[in-house]
Amino acid sequence: MASMTLQIGSHTLSSPVVLAPMAGVTNMPFRVLCREIERRLTGTVSGLYICEMITARALVAGNEKTLHMTAFAPEENPRSLQLYAADPAFAYEAARRVVDEDRADHIDLNFGCPVPKVTRKGGGAALPYKRRLYGNLVGAVVRATEGTDIPVTVKFRIGIDDEHETFLDAGRIAVEEGAKAVTLHGRTAAQRYSGVADWSAIRRLKEELSGTGVPVLGNGDIFAADDAARMMAATGCDGVVVGRGCLGRPWLFAQLGAQLRGEPIPPEPTLGEVCSIIVRHAELLAAHEGEDHAAKDIRKHVGWYMRGFPVGGEVRRQLSTIDSLKALKEVLAPWRDSDARAERPDDPRGRQGSAKRVALPEGWLDDPEDETVPVGADADGGSGG
């Protein structure tokens, strides 16, 4: 297979694989871990690793926690930041802060979050229904980055529900406003993370934008090494964005990149190797957040890491109550040399749930051309999409 690259503005990626922002997951320690593993297994760092979603309003206000979330390690290049906004004024000011303070090399805009607390205020996946407001938001961030090498990209869903699809308009408008790439999560907001992603919608969007030269990325149900190639073959998309599939599997990016480049695919790690990765992840978290926070934060990751391994319920219980790195290492010690392999390692993981009616502001569907900024939508950033 020929080498596959992805061009996003001034950035050339040697494989078209992108880490999707996920709240509480894709912080600097996790991104560094993914990069370390990819380099160790393949000799290169080829994809794009996006930080947790940053709320524009909080960034403009200089919120200490938000600014900490925008921290990047020295080895992260390009530095990729996802911004959430519902007010073009805040979107512009936040993007200007990114530019003026040299906080990132790429800005992605999130219009995919289906969380009710966000959509009921008109934000996230609800917002592209308001075509003019959506265009104003994308345009504001593009204007804020003019004269720089910082490309702006946009992520969105198929629409609010099956009766209110917006993705073709969202793609076209984003391109018209100057976006350098678009990503489609092949689900509606109503679907949340349930069911199967509709890759045919990704194909339709690629066909819609085929004459623009703007890359179209696909998101949804990338869980195994060959899923990226299957999605790209089925849809013609230019790259893939990986979310839940990498939970507890930070080595997935090495596998996806190698497969797309026609290189040998690194095998799934043994339980012993996974234990070493867990410890490294916890150490990175401790360096970034302090040991107390790291010990609590690693608990959810350990549940994902241990999926499919024969460690037993008592070990899982102990890992779910870890309170120090020392305790973590002690619980894992008996397994550090295990050559056991996980059963069905590429099964779907993370949030799934069921489809639900989307919470929307009263009268939200009345006028898709209304460009009024929804009240309070910038207060909550949601969790990605």
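Cys113 sits in the loop that joins strand E7 (106–111) to helix H5 (116–119); helices (H or I, at least four residues) and strands (E, at least two) are DSSP runs, numbered from the N terminus. This is a predicted model, in which local features need pLDDT of at least 70 and side-chain atom pairs count only at pLDDT 80 or more, while totals for chains, interfaces and linings use all residues. Residues are numbered from 1 along each chain as its sequence is written, and side-chain values use heavy atoms, with hydrogens and water left out.

The UniProt annotation "active site", from an unreviewed entry, covers Cys113; such annotations may be inferred rather than shown by experiment. Cys113 counts as buried because its relative accessibility is 0% (buried means under 20% relative accessible area, exposed over 50%, partly exposed in between, with a 1.4 Å probe and protein chains only).

Helix H9 (residues 227–235) also has buried residues: Asp227, Ala228, Met231, Met232 and Thr235. They cover an arc of only 130° around the axis, which puts them on the same side of H9; the arc is that of the directions from the helix axis to the C-beta atoms. An α-helix has 3.6 residues a turn, so residues three or four places apart point the same way. Among the elements covering the buried residues of H9 are helix H8 (199–208) and strand E10 (216–219). After H9 comes Gly236, with a positive phi near 75°.

In another contact (heavy atoms within 4.5 Å), Cys275, Ile278, Val279, Ala282, Glu283 and Ala286 of H11 meet Leu325, Leu328, Lys329 and Leu332 of H14.
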